[in-house]
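Take a look at the fold below. This short report walks through its helices, its strands and a few single residues.

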Amino acid sequence: MKVAGKGLVDVLIVAVPETAGSALYGMVDVLLATGNIWQNLVRSEPPRALFRVRIASPLGEAFRCGNGIPVTTGACFNRYSGPRILRRFLSHDIPS
């Protein structure tokens, strides 16, 4: 895995207009909360990030995904060769 500055793992989540917003932002939330849940619940120490999470689109532009949910991207997937953790979310990834 590529590690970003300060020991963070660099994660790029690829989103397209067919993406389910709940799956996309749910994964962002899970990754950003990783390693922090207990500290937040007991207020024992400041939260620390384990991942640097960004959302990418094929063209690197903001768009609206399923149900008109806005997606602001931080990278263009077609021009990015950084992280090794990649996840693409499409609406058919969610079981019905």
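## Helix α1 and its surroundings

Helix α1 covers residues 21–33, which is 13 residues. From its first C-alpha to its last, α1 reaches 18 Å, close to the 18 Å expected at 1.5 Å a residue. Keep in mind that this is a predicted model. Some of α1 is hidden: Gly21, Ala23, Leu24, Val28 and Leu31 are its buried residues. Just after α1 comes glycine 35, with a positive phi of about 85 degrees.

## The whole protein

The protein has two helices and six strands. Read from the N terminus, the elements run β-α-α-β-β-β-β-β. Of the 96 residues, 36% are buried. Now take the contacts with a separation of 6 or more: residues 24 or more positions apart account for 58% of them. The protein exposes about 6200 Å², and carbon and sulfur atoms supply 57% of that area.

How many of the seven residues of strand β1 are buried? Seven of the seven, so β1 (residues 9–15) is largely enclosed by the rest of the structure. In a regular strand, side chains alternate between the two faces of the sheet. In β1, Val9, Val11, Ile13 and Ala15 point one way. Asp10, Leu12 and Val14 point the other way. Both sets are buried.

Strand β2 (residues 51–57) pairs with β1 in the parallel sense, over six bridges. Within β2, alanine 56 is the bridge partner of valine 14.

## Two residues side by side

Is valine 53 buried or exposed? The cut-off for buried is under 20% relative accessible area. Valine 53 has 19%, so it counts as buried. Isoleucine 37 has 49% and is partly exposed.

| Residue | Relative accessible area | Class |
|---|---|---|
| Valine 53 | 19% | buried |
| Isoleucine 37 | 49% | partly exposed |

Valine 53 lies in strand β2. Which residues does valine 53 touch, not counting those up to four places away in sequence? They are Val11, Ile13, Val28, Leu31 and Leu32. Val11 and Ile13 point one way from β1, while Val28 and Leu31 are among the buried residues of α1. Methionine 27 is 26 residues from valine 53 along the chain, and their C-alpha atoms are separated by 9.5 Å.

Isoleucine 37 belongs to helix α2 (residues 37–42). Together with Trp38, Leu41 and Val42, Ile37 makes a nonpolar surface patch of about 460 Å².

Terms used:
Residues are numbered from 1 along each chain as its sequence is written. This is a predicted model: local features need pLDDT of at least 70, side-chain atom pairs count only at pLDDT 80 or more; totals for chains, interfaces and linings use all residues. Side-chain values use heavy atoms; hydrogens and water are left out. Buried means under 20% relative accessible area, exposed over 50%, partly exposed in between (1.4 Å probe, protein chains only). Helices (H or I, at least four residues) and strands (E, at least two) are DSSP runs, numbered from the N terminus. Two strands pair if DSSP finds at least two bridges between them. Contact means heavy atoms within 4.5 Å. Accessible areas come from the Shrake-Rupley method with a 1.4 Å probe; for residues, only the protein chains shown count as cover. The expected span of a helix is 1.5 Å times one less than its number of residues. Patches are made of residues with over 30% relative accessible area and no salt bridge: like charges are joined within 9 Å, nonpolar side chains (Val, Leu, Ile, Met, Phe, Trp, Tyr) within 5 Å. A salt bridge is a side-chain nitrogen of Lys or Arg within 4 Å of a carboxyl oxygen of Asp or Glu.
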